[in-house]
Amino acid sequence: MAARAAYYITTPIYYVNDSPHIGHAYTTLACDALARFMRLDGRDVRFLTGTDEHGQKVEKAARDRGMDPQAFTDEVSTRFRELVRVMGFSQDDFIRTTEPRHKQAVQHLWQKLLDAGEIYLGAYAGWYSVRDEAFYAESELVAGKAPTGAPVEWVEEPSYFFRLSAWQDRLLAFYDAHPDFVLPESRFNEVRSFVKGGLNDLSVSRTTFAWGVPVPNDPAHVMYVWLDALTNYISALGYPEDADGLYARFWPCDVHVVGKDILRFHAVYWPAFLMAAGLEPPKRVFAHGWWTNEGQKISKSVGNVIDPHELIERYGLDATRYFLLREVPFGNDGDFSHAAMLRRMNSDLANDYGNLCQRVLSMIGKNCDAAIPRPGPIEPADQALLDQAAGLLGTCRRLMERQASHAALEAIWAVIAEANRYVDTQAPWALRKSDPERMATVLWVLAETIRRVAILTQPFMPDASAQILDQLAQPAELRSFQALDDKGALVAGTALPKPAGVFPRLVEDPAGA
Ligand code: MSP
């Protein structure tokens, strides 16, 4: 058998200054769906997430709580692990930047950069935003604030610098050679123009606080939190020793999924650090958009932060996953609203997908002795539906290669709609008396279509899809994408369990809660 192709996907590592919210859940969910898709498609997947625990922002949050930073990060990091558990994410590793394996890797990388002459000692005098953990040039400030609206403070201190300015041409050449390095394309254009505008050397160490990885041989300095944090993507693979061979197998990364706010760190600084250390840059950085809540920017001061645990409690895990992945084209900004959630749950899930399964499985239960019916001759209308369902894998593969989960779901729902139309035009209930053999064929075609659809919805809605496949009595070994060919087709006579509804309809609370 041919070796399985490797697929490495990462989320950003989350700052532990605060509890997890919808933004964190969203990035990891998007990665989870991609990781599950690739696993089902036979890829050897490595999916990484974790927490970013150093830096001034985290140190300040610990101090505000009157806690030691390590004890504080231990506590908050647990909340992120808890979220990952509740959301059912399928990560293979969870890294914390306070772990020894990570610190060693960062110090090793630092030494390589130093040895290569890419880091030099100087002094920084300029603006810094603790909230963004970013340095800003005077010219970037807008009304005395960072372009993100975050407050800035004047910093003057000895600092090591990375020779970023020397990387402008090589970065631009790298972008030209890798036209899909950043997606969506509009974001790539922003990155290119930023780099074309000229790069300053980057301050990569701080001396005015201590919560970070110490600079080798100069412990007055801790490393800049972004140099520290970005390195998680390789430290989690065992870099530099690579005792388990993970680094050799999975680096360079297939895709770093990040929010648009942190694209510059990933698409400019990170490839420059790596190339300067003689390492390969990642293959892709995908930048997604931001969610608002009922049209409003989400912020703690407004008090409209969306807690993912509450969403799951109110709407259910699979419906929440479906909504977040389907409602907004991946890469765009999106708005979370109860009304939109209600529409998606009732129309796409309960009506379209749920009814299709329910109608077909209960007709089979009642009219075919609760077993997969035996199909007679296949007619053109049957073949047309089967062909559409069979075409889905290719379509979804093409879309998921470009992180377009929303479009894959759209394609799957087009087949669901087609199947519902087919039920209406074929009217199997009317065939029960007039032509039972034809009824059996129609119900087989429908059940087979549902099988293919349910295999493909697994990455997006693992639990609901599993329930549907259970109701079709599909064994575990027939649930990967390999089973999507005709060899996996439903076998007549297979006994089916009693069908049950999978997607609850959301009834609007009259109080409007
Ligand atoms: N620690 C850095 C990342 C280091 S990666 C080497 C960081 N952490 S963060 O916790 O502030 O943000 C993590 C992610 O959450 C970012 O990708 C950000 O875009 C995302 N989101 C935060 N709020 C969001 C929304 N309202 N909507 C969607 N995603 C948002 O940055």
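Between domain 1 and domain 2 there are five residue pairs in polar contact, both residues being at pLDDT 80 or more; a polar contact is a pair of N or O atoms within 3.5 Å, where within protein one must be able to donate a hydrogen and the other to accept it, and residues adjacent in sequence count only if both atoms are side-chain atoms. On the side of domain 1 that touches domain 2, helix 1 (residues 22–40) gives the most, with six residues. Helices (H or I, at least four residues) and strands (E, at least two) are DSSP runs, numbered from the N terminus. The residues on that side of domain 1 comprise nine nonpolar, no polar and five charged, where Ala, Val, Leu, Ile, Met, Phe, Trp, Tyr, Cys and Pro count as nonpolar, Asp, Glu, Lys and Arg as charged, and the others, Gly among them, as polar.

The model is predicted: local features need pLDDT of at least 70 and side-chain atom pairs count only at pLDDT 80 or more, whereas totals for chains, interfaces and linings use all residues. Residues are numbered from 1 along each chain as its sequence is written, and side-chain values use heavy atoms, with hydrogens and water left out.

Domain 1 covers 6–289 and domain 2 covers 339–488, with bounds from an automatic or database domain assignment. Their centres, taken over C-alpha atoms, are 42 Å apart. To the contact, domain 1 brings 14 residues and domain 2 brings 17 residues, contact meaning heavy atoms within 4.5 Å. Three salt bridges are counted between the two domains, each a side-chain nitrogen of Lys or Arg within 4 Å of a carboxyl oxygen of Asp or Glu. Asp180 and Arg402 form a salt bridge through their side chains, at 3.4 Å from N to O.

Strand 10 is joined to strand 12 (residues 218–223) by two bridges, and Ser205 has Met223 as its bridge partner in strand 12.

The backbone also deserves attention. Most residues other than glycine have a negative phi, and most peptide bonds are trans. The peptide bond from Leu183 to Pro184 is cis, with omega near -10°; Pro184 lies in the loop between strand 8 (182–183) and helix 6 (185–196). Trp251 and Pro252 are also joined by a cis peptide bond, with omega about 5°. Glu133, in the loop between strand 5 (119–129) and strand 6 (134–136), has a positive phi near 50°.

Key: Pairing = 2+ DSSP bridges.
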